Amino acid sequence: MEQEEEKSVRTWSNESYRHPRSSSTRRYLVSALVGVVILYALFFVRLPYFIFMPGTAEEIKPMVTIPKSQGAEQGTLMLTTVRVADANLMSYLVGLVHPYEEIEPKTSVLQKGESEQEYSQRQEYVMLTSQASAIQAAYKEAKVPYHIEHEGVMVLQTVAGMSGEKSLKPGDVLLKADAKDIKVSQDLLDALKGKKAGDTVAISFKRNKVEQQTTLTLGTLPQQAGETGTPRAGIGVVPADMQSVKAESADQQVEIKAGEIGGPSAGLMFSLEIYNQLIPDDITKGYRIAGTGTIETDGTVGPIGGIQHKIIAADREKADIFFAPKNRTYPDGTKINNYDDAVKRAQQIKTKMKVVEIGTMEEAIKYLADLPPKSEQTTK
């Protein structure tokens, strides 16, 4: 009888009783799973936005090498950057309330049909062309003889569905089409002239310094806005000319290594650094000088984006002076008020840094020439 009672107790315990710890564990696991899902959504789900924020202010001298560089710099010339980050839900929410961050749809930043990889490649290319313009502007200002050498055609973008998309990547440098050397974009057009969709062309190109070959079948290129006539045949790439600036004297040859910094906005500051290394006098006079602005080969300074972020970056590095491009109004009525925007942000952060409006490289040099050395200004 005792054994039967014991058995009935065990049976009731196994089939009907649920220990409180079992329910607690289940709730804990569910809560943990929900937490993981929320964290994943907050930090790992990418949104179709970029977050723009202050980047860095970096000394340019270590980036620029000239064999016969002139005297040492007492001060510092700095380029400034904007940090661009992919938005997740958390950074998007922070960006909505942060006073010094901006949210932009990716569609307003990327060109039509452009991937993010192609955007990065375009930024790298415009940085290279900006450096070439800065070298020419500095050579002209310092009266250094030079010449231009064409070095092939870079692929900036490929057209979806065309043969170029399958074999070429943004950043590839085209060298030959059939037996014809490609030095400029027109050489590629000339090599394809007379060919029609379905014909083939042998392309030699360089990728990561390694030369490769491929055979591409021409297709019908999509017509551009306003383009009329018979559609052209092509391989489906957006080309961009590569060129280098060569000083007549090897002692004055400029080499720039800017790392992963992209875009054209460091042109002015590169030109000032190069010029400073080419002449015997030091234009910095002991000041910490930051700035931004595109540069043309004749020294004209052009507007840029994100100057309000660059002001903060320069202030963080204790810059004394910030060169900002002049306000500009274009024929179509578009206004870019770089100087006004820079002054407004400088006032907001209460910086002691002086914002100076610059229209040409020559104006920047003259402004610095009129300054007393910083050591003298400090002792007054």
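Visitor: At what N to O distance do the side chains of Lys 106 and Glu 116 meet in a salt bridge?

Guide: This is a predicted model, in which local features need pLDDT of at least 70, side-chain atom pairs count only at pLDDT 80 or more, and totals for chains, interfaces and linings use all residues. Residues are numbered from 1 along each chain as its sequence is written, and side-chain values use heavy atoms, with hydrogens and water left out. A salt bridge is a side-chain nitrogen of Lys or Arg within 4 Å of a carboxyl oxygen of Asp or Glu. For Lys 106 and Glu 116, the N to O distance is 2.7 Å.

Visitor: Which helix contributes Glu 116 to this pair?

Guide: Helices (H or I, at least four residues) and strands (E, at least two) are DSSP runs, numbered from the N terminus. The pair links distant parts of the chain, ten residues apart. Lys 106 belongs to helix α4, whereas Glu 116 belongs to helix α5.

Visitor: Is Lys 106 buried or exposed?

Guide: Buried means under 20% relative accessible area, exposed over 50%, and partly exposed in between (1.4 Å probe, protein chains only). Glu 116 is partly exposed because its relative accessibility is 29%. Lys 106 has a relative accessible area of 10%, so this residue is buried.

Visitor: Which strand holds Asp 86, the residue that is paired with Lys 106 and lies 20 residues apart from it?

Guide: The side chains of Lys 106 and Asp 86 meet in a salt bridge at 3.0 Å, N to O. This pair, too, links distant parts of the chain, from helix α4 to strand β3. Asp 86 is partly exposed because its relative accessible area is 35%. The strand that holds Asp 86 is β3.

Visitor: Which side chain of opposite charge is nearest to Arg 345?

Guide: Lys and Arg count as positive and Asp and Glu as negative, while His and the chain ends are not counted. Arg 345 lies in helix α10, residues 338-348. Arg 345 is buried yet has no salt bridge. At 6.2 Å, the nearest side chain of opposite charge is that of Glu 102.

Visitor: With which side chain does that of Arg 345 make a polar contact?

Guide: A polar contact is a pair of N or O atoms within 3.5 Å; within protein, one must be able to donate a hydrogen and the other to accept it, and residues adjacent in sequence count only if both atoms are side-chain atoms. The backbone oxygen of Gln 308 lies 3.5 Å from a polar atom of the Arg 345 side chain. At 2.6 Å, the side chain in polar contact with that of Arg 345 is that of Gln 348.

Visitor: How far apart in space are the C-alpha atoms of Gly 55 and Lys 310?

Guide: Gly 55 lies in strand β1 and counts as buried because its relative accessibility is 18%. Its contacts beyond four places in sequence include Thr 81, Ala 313 and Arg 316. Gly 55 and Lys 310 are 255 residues apart in sequence, while their C-alpha to C-alpha distance is 6.8 Å.

Visitor: Which residue takes a positive phi in the hairpin of β8 and β9?

Guide: Strands β8 (residues 200-207) and β9 (residues 210-217) pair in the antiparallel sense over eight bridges. In this pairing, Ile 203 has Thr 214 as its bridge partner. The hairpin has two residues between the strands, and the positive phi, near 50°, is that of Asn 208.

Visitor: Why does Lys 143 count as exposed?

Guide: Lys 143 is found in the loop between α5 and β5. Its phi is near 60°, a positive value in a residue other than glycine. Lys 143 counts as exposed because its relative accessibility is 68%.

Technical notes: Pairing = 2+ DSSP bridges. Contact = heavy atoms within 4.5 Å.
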